[in-house]
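Reader: I have just opened this one and would like a walk through it. Can we take it piece by piece?

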Amino acid sequence: MNAKHTFDEDLAAYIAGEADEKIRLRLEEHARGCARCRAELEAVRGVLSMTSAAREELRAAVESVDWEATAEGITEQVFRAGTARQTAARPAAAWGRFLGLGLKPVFAGLALGLVVGALAMYVALRRPPVGQAGRPVFQASPEFLAQVELALARRETLDYLEKSQILLQDFVRDGSDVGRPPFEKAVARDLLTRKNYLNPQLETARMTKAKAICDQIEFLFLELARLDDDLPPAELERLRRVVEDRQLLLKISLVKKELESEV
Amino acid sequence: MADERQPVAEPVAALVDRVRAGDRDAFLTIVQTYQQKVFMMAYAMLRNREDALDVVQETFFRLHQKIETYRPGSGFQAWLLQIARRLAIDYYRKHLKDDRAHASNLSLEDARVATESNPAAERAADLRQVLSREVGRLAERQQRVFVLRHYEELQFHEIAEALDISVGTAKSLHFKAVQNLKKWLTPYLGVTT
């Protein structure tokens, strides 16, 4: 077993919180003589230390809540809302009240007669659906409309992915160009707006994979759109690494191909 | 962490059946048992007490609406936390939208961008904010394991049980989560790699 392999295993145990004294000493010893592993160990410690600070904050937040009252309050509201829904969903009960609220049977009968008469008139006088030239109107079936919606959603998503891909390619490729803005923020903002319109379509069309990639892009654009023009190169580099590490461009291409085959 | 770790006295499947039949007490028991777990999940992503409490409330509303779709035998807590996570993400997006709308009133620090020139106190707060944002970026299962391990301080066998996965998978997901966070947070950690 080589030193790097042992270090990785020891680091995994350290991350899991299962490193005993012996493992810790071995990690330290190795890190002292290896700059790369030392940096890795320091970074892991940094994350765990940040997490620990966040845990303290979370603990204080948890302790500041009256959980007994919260549970009671939620339960009360949920059941109150449930009762309201049930009441609204019971037309029979409403009729019962209508007939029973002090209305004498004679008036109730008259009211019912009026309703029945109005309905009969409506049926008798209703004109058959005809077009301008007297031709019958053809109505699309719900299945057909659903198909059209799905096709539109796919096309919209494809277009969104296409534009996002071009923008991200420029962002990654132009990393070394001096004097150029690092990112077309205006385009990113446009795409963010488009994503807002796309969200319901992605939800209803159940395009899970496309939605996941679009969400990742959106997250990145949100960060990039906020960037200051004089951002430190390290921050830009970090964001470029996000694009590369997550293989966003590759994923976009794959999802695009899938969508193209379906359109 | 102050938390109800004890197993629910009545099996959750029985409680779910009672809730389906309209039993208020059974629902209250479920809320009492899981509300802190939902809060921690939401807080880890939103880092705001009131926002996290909103997510807790909305989660149990959804739970009540969707209780018919729960399949007995599958992990109840994992199912509930999945609802909570989605709601927290929605809440986060909505919050960001609001941020955008009011961007002109925000300073750069308030707009969540951490820079090297921040004073130390602001930097500490920023770092926690950055951590919460990056935890929100983790893949769903990695995020759940990370939150359960570090914020609820559960052991891996408890995490495995809660999420209906093996201990090995829980460890592996946790390892990946820390590695990802390490990668994303390196610029903020002051470590040269």
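This is a predicted model: local features need pLDDT of at least 70, side-chain atom pairs count only at pLDDT 80 or more; totals for chains, interfaces and linings use all residues.

Reader: Fine. How many helices and strands does chain A have?

Author: Chain A has 11 helices and 0 strands. Along the sequence its pattern reads α-α-α-α-α-α-α-α-α-α-α.

Reader: What share of chain A is buried?

Author: Of the 263 residues in chain A, 17% are buried.

Reader: I clicked on Glu162(A). Is it buried or exposed?

Author: Glu162(A) has 12 other C-beta atoms within 10 Å, and 12 or fewer counts as exposed, so Glu162(A) is exposed. Its place is in helix α7 of chain A, residues 142-173. The C-alpha atoms of Glu162(A) and Ser253(A) are 8.6 Å apart in space, while the two residues are 91 apart in sequence.

Reader: Next, α10(A). What is its reach from first C-alpha to last?

Author: Helix α10 of chain A, residues 233-245, reaches 18 Å over its 13 residues. That is close to the 18 Å expected at 1.5 Å a residue.

Reader: Which residue with a positive phi follows α10(A)?

Author: Gln247(A) does, with a phi near 50°.

Reader: Now chain B. At what angle do α2(B) and α3(B) pack?

Author: Helix α2 (residues 24-46) and helix α3 (residues 49-66) of chain B pack at about 135°, and their axes are 8 Å apart. That angle makes α2(B) oblique to α3(B). The crossing of α2(B) past α3(B) is right-handed.

Reader: Which residues make that contact?

Author: From α2(B), they include Phe27(B), Val31(B), Val38(B) and Phe39(B). From α3(B), Leu53(B), Val55(B), Val56(B) and Phe60(B) are among them. The contact as a whole has 12 nonpolar, 3 polar and 1 charged residues.

Reader: There is a lysine in α2(B) too, Lys37(B). Buried or exposed?

Author: Lys37(B) has 22 other C-beta atoms within 10 Å, and 20 or more counts as buried, so Lys37(B) is buried.

Reader: What is Lys37(B) in contact with?

Author: Leaving aside neighbours within four places in sequence, Lys37(B) is in contact with Gln77(B), Leu81(B) and Glu152(B). The C-alpha atoms of Lys37(B) and Val147(B) are separated by 9.4 Å, and these residues are 110 apart along the chain.

Reader: Which helix covers that stretch of chain B, and how many of its residues are buried?

Author: Helix α6 of chain B, residues 140-150, is mostly covered, with 9 of its 11 residues buried. Val147(B) is one of the buried residues, and Arg144(B), Phe146(B) and Arg149(B) are also among them.

Conventions:
Residues are numbered from 1 along each chain as its sequence is written. Chains are lettered from A and ligands numbered from 1 in the order in which they are written. Axes are lines fitted to C-alpha atoms, for helices over the stretch in contact, and angles run from 0 to 180 degrees between N-to-C directions. Helices (H or I, at least four residues) and strands (E, at least two) are DSSP runs, numbered from the N terminus. Angles under 35 degrees count as roughly parallel, over 145 as roughly antiparallel, 65 to 115 as roughly perpendicular and the rest as oblique. A crossing is left-handed if the near helix is turned anticlockwise from the far one by less than a right angle, and right-handed if clockwise. Two residues are in contact if their C-beta atoms, placed from the backbone, lie within 7 Å. Ala, Val, Leu, Ile, Met, Phe, Trp, Tyr, Cys and Pro count as nonpolar, Asp, Glu, Lys and Arg as charged, and the others, Gly among them, as polar. The expected span of a helix is 1.5 Å times one less than its number of residues.
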